[in-house]
Amino acid sequence: MRLSKMHLKTLREVPNEAEIPSHILLLRTGMIRKLVSGIYGFMPMGWKSVRKIEDIVREEMDRTGAQEIHMSAVQPAELWEESGRWSHYGPELWRIKDRNGRDFCLGPTHEEIFTDIVRNDISSYKQLPENLYQIQTKYRDEARPRFGLMRSREFVMKDAYSFDKDTEGLDKSYQDMYDAYTRIFTRCGLYFRPVEADNGAIGGSNSHEFQALTSVGESEIAYCEKCDMAATTERAGCVDAAPETDVEMLPLEKVHTPGTKTIEEVADFLGIPKEKTIKALLFVTYDDDYKENGYVAAFVRGDRDCNMTKLINALGIPEHQIEFADEEKMHQATGCVGGFTGPTALHDCRIVVDSELPGLKNMCAGACEEDHHLINVNYGRDYKGDIVTDIKTLKEGDPCPCCGAPVKHARGIEVGQVFKLGTKYSEAMHAMYVDENQKEQPIVMGCYGIGVTRTLAAIVEQHHDDDGIIWPISVAPYHVIIEEMKPGDEEQDKVTADMEEQLEKAGVEVLVDDRKERPGVKFKDADLIGIPIRITVGKKAPDGIVEYKLRREEEKRELSVEDAVAEAIALVNKERFGM
Ligand code: ATP
Ligand code: MG
């Protein structure tokens, strides 16, 4: 490919909204083009890299025996009503109507569609197991699209669905996908970590997210250096404080605590540690039609953070059906008092108590009265929870739930997720098979997603410097860029064309910079777009000498044309399937 012919427009100025390196660089290199918020097009080089990621995904999926199909992005509402998700999915679901007013959505994911196919086509245990996948465009009307391809409203996803007879079968399908994902992200050149992830209402340790580690990632991960524990902070279990079994309960007492609305203020005022206080968080919940349907008060120890994912799992509601409450309104209904709410005097409200509070004695909590707290508050005697479960977040330095060592935190980009669904969809949508004993059974399912375009952004996030992108060879739009210093010069043209031919014969993808620009401009662009191998054809071309440089290294070497070609072919062959 000749750069002079390529549809390429690099940018000198970066649009203001681009905050992180991958977004800035993908825009500056002209690889992606924004249409509207959260919606991007791909230009020639950007699309080439997307296709390389797709090829890696395809090869590794096929290797496991999964079969590729391709479904429409448009999905009828009826299937979503069967699974119950038409009302539960919330405003992220991009709903559309056809000319007759019939409801459809643009698929954010395809569980319903794949379950529908399998329930129609599979009836016997003899047809199982099966894994079907596609690489396809997904739509999610994200509340806050940002970071370019990272959180967009239209994106390319690989989604796979496994269908098994039983949970042992699912365990194997899941492990096969887990192993395939490990190979895929390794081949993409990502530094990543599989971590245990939240799996909503389904429960169990049945999901992993593959997190590309970078400081700009939107996911927070807790991990332990002493053992293997690694989980998203949404999911990570916490160690409860030891119950104070031999401490005597003291008489409940109301104290005047003027103006102490925060935990810090009341702890300071009373001269007690935050660990002796109870923190209240107040919420309102909504039904499927977005009508308010009740209040929730959640209580954790004063130094803890309430974990929203654990809380909504405990309540069994989707994320978009809960919000912080308007304290004035909630006061009328439940008797809470903003800044002074405790668990003892509330009414008409669901009380969720963190699992460690029942074991803690003589705590300080709000009295549900302006400027007053209660001390010596004890679970059982003074208050009870409608739900008592772990609703706190594992913080950096807290003991590891597996081995007790202090945990660390890191940030990551979720590039993929594997998930054991079990029979949730097969039961709701009646996807059954007949087993060896002629008995009807629900098919046991798993689902497995990879954000292909998000992976592209994650790769750039991990592979760049101040001058531009540094593509790993496996996903680079081209392997080699030949910088011809004086296009039109007979000798240089010949050396360039010969090298191009030899390299392409060996399967190496070559971009020739034959633009009549100053060398400085050409080198700057080459660094920006980040082609892994640069071969410069200049003054020494008549002697058969060229300059050889890797984008990831500083060193430049003068080599004979033959050696430069041989080195480039050897390197590409070594790394084209990943490092
Ligand atoms: P997130 O928590 O980031 O919103 P998710 O858990 O909802 O993602 P999944 O339903 O697991 O996403 O989708 C599978 C994969 O699709 C994710 O692992 C991620 O790589 C990708 N993905 C999800 N949402 C987006 C998005 N808005 N833009 C780009 N990629 C996305
Ligand atoms: Mg996910």
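Aspartate 354 and lysine 392 pair up in a salt bridge, with their closest N and O atoms 2.9 Å apart. (A salt bridge here is a side-chain nitrogen of Lys or Arg within 4 Å of a carboxyl oxygen of Asp or Glu.) Aspartate 354 sits in strand β17 (residues 350–354) and lysine 392 in the loop between β20 (387–389) and β21, so the pair ties together parts that are 38 residues apart in sequence. Helices (H or I, at least four residues) and strands (E, at least two) are DSSP runs, numbered from the N terminus.

Buried or exposed? For aspartate 354, the relative accessible area is 0%, which makes it buried. Lysine 392 also counts as buried, at 0% relative accessibility. The cut-offs: buried is under 20% relative accessible area, exposed is over 50%, and partly exposed is in between (1.4 Å probe, protein chains only). Lysine 392 has another salt bridge, this one with aspartate 390 at 3.3 Å, N to O, and aspartate 390 is buried too.

## What you're looking at

This is a predicted model, where local features need pLDDT of at least 70, side-chain atom pairs count only at pLDDT 80 or more, and totals for chains, interfaces and linings use all residues. Residues are numbered from 1 along each chain as its sequence is written, chains are lettered from A and ligands numbered from 1 in the order in which they are written, and side-chain values use heavy atoms, with hydrogens and water left out.

The chain has 14 helices and 31 strands, and its C-alpha trace spans about 95 × 65 × 50 Å along the principal axes. Of its 579 residues, 53% are buried. It's split into domain 1 (16–211 + 413–461), domain 2 (253–389) and domain 3 (478–577), with bounds from an automatic or database domain assignment. The C-alpha centres of domain 2 and domain 3 are 66 Å apart.

Side chains of opposite charge can pair when their charged atoms come close. Across the whole structure, a search turns up 53 salt bridges. One of them joins glutamate 509 to lysine 48, with the closest N and O atoms 2.7 Å apart. Glutamate 509 is partly exposed at 22% relative accessibility, whereas lysine 48 is buried at 18%.

There's also a network of salt bridges linking Arg12, Asp513, Arg515, Lys522 and Asp525.

## Backbone details

Leucine 128 and proline 129 are joined by a cis peptide bond, with omega at about 0°. Proline 129 is in the loop between α5 (111–121) and β7 (130–139).

Which residues other than glycine have a positive phi? Asparagine 376 is one of them, with phi near 65°; glutamine 438 is another, with phi near 60°. Asparagine 376 belongs to strand β19 (residues 372–377) and is buried, with a relative accessible area of 11%. Glutamine 438 is in the loop between β22 (432–434) and β23 (440–442) and is exposed, at 65% relative accessibility.

## Two valines

Valine 415 is part of strand β21 (residues 408–422) and is buried, at 1% relative accessibility. How far is valine 415 from valine 444? They're 29 residues apart in sequence and 25 Å apart in space, C-alpha to C-alpha.
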